[in-house]
Amino acid sequence: MSIVVTGATGELGRLVVDQLLTAVPANEIAAVVRDEKKAAPLAARGVELRVADYDRPESLKDVFRAGDRVLLISGSEVGRRVPQHTAVIDAAKAAGVAQLAYTGVLGGPDADFRLAAEHKVTEQLILDSGLPHTFLRNGWYTENYTANLAPVLAHGAVVANAGDGRVASATRADYAAAAAAVLTGEGHLGAVYELSGDVAWSFAEYAAEVARATGKEIVHKNVPAAVHHEILVGAGLPEGFAAILVDVDAAIERGLLAGTSGDLARLIGRPTTPLAETVAAAVASA
């Protein structure tokens, strides 16, 4: 039996493997990767590499083994994730894995924004498969914002169309720790965890944190959705992706990413990482 992490060279996957290595021997961990060379650092740490591609179902045939505990990290290609996830679910079922944990989205069936659609379909596919499962419904990553500080600092403004809506974000490392806890612990089969930060913040508060960390004047500018879309496209984002981000902001305004269930802190056994800490670290490394 192995603990198997799909998408293990991605931003979240690497952190999950890091967390697992603190809890179990390396030879009990397997990483599903597309690029073996990119995954060389994992192999150097003693992690088994299993090469496969979400887009080639036949490559997944021998990736999973009976009794494996598997983490399906959702694909990053919006619009292609349902067939990709289906291939993984089918392979996991054929192998007889002991657990399939899936990183979905906060709110599950109640999340009505566009980015949530494929997550909801995937959860239903997992339910229909009959596999022993755990749903990790991840909220927003704080890094979604702190990784894009350059335009904020250049223009002195945090621009959004979320109004006074709040975001209960946490860091990728927080979510990775939760996934590792579920994969190495007991009592999680059939569980649904609504994962989010302990404190929900507004964009005005985020702007204030950036101002505090940089010593610069940073304001929050709330703009209509159409204007925000135009700004994002003008900054070089594809129109489709810009539309998704604008739609997420609308969901934030409706309160769909503000939930603070406490599930994340309970799973990781500590408070989630504060917004101020993540902002300060991002500013220091900018």
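How are H1 and H7 oriented to each other? The views below come from a predicted model, in which local features need pLDDT of at least 70, side-chain atom pairs count only at pLDDT 80 or more, and totals for chains, interfaces and linings use all residues. Residues are numbered from 1 along each chain as its sequence is written, and side-chain values use heavy atoms, with hydrogens and water left out.

**View 1. Helix H1 (residues 11–21) against helix H7 (residues 172–184).** Their axes come within 8 Å and cross at roughly 55°. H1 and H7 are therefore oblique to each other (under 35 degrees is roughly parallel, over 145 roughly antiparallel, 65 to 115 roughly perpendicular, the rest oblique). Residues of H1, including Leu12, Leu15 and Val16, meet residues of H7, including Tyr175, Ala176 and Leu183 (contact: heavy atoms within 4.5 Å). This contact divides into 11 nonpolar, two polar and two charged residues.

**View 2. Strand E2 (residues 29–33) beside strand E1 (residues 3–6).** Four bridges join E1 to E2, and the two run parallel. Threonine 6 stands opposite valine 32 in E2. Five of the five E2 residues are buried (under 20% relative accessible area; exposed is over 50%, partly exposed in between; 1.4 Å probe, protein chains only). Ile29, Ala31 and Val33 point one way from E2, Ala30 and Val32 the other.

**View 3. Valine 51 in strand E3 (residues 48–51).** Valine 51 counts as partly exposed because its relative accessibility is 40%. Leaving out residues up to four places away in sequence, valine 51 touches Val33, Arg34, Glu36, Ser59 and Val63. The C-alpha atoms of valine 51 and valine 279 are separated by 36 Å.

Technical notes: Axes are lines fitted to C-alpha atoms, for helices over the stretch in contact, and angles run from 0 to 180 degrees between N-to-C directions. Ala, Val, Leu, Ile, Met, Phe, Trp, Tyr, Cys and Pro count as nonpolar, Asp, Glu, Lys and Arg as charged, and the others, Gly among them, as polar. Two strands pair if DSSP finds at least two bridges between them.
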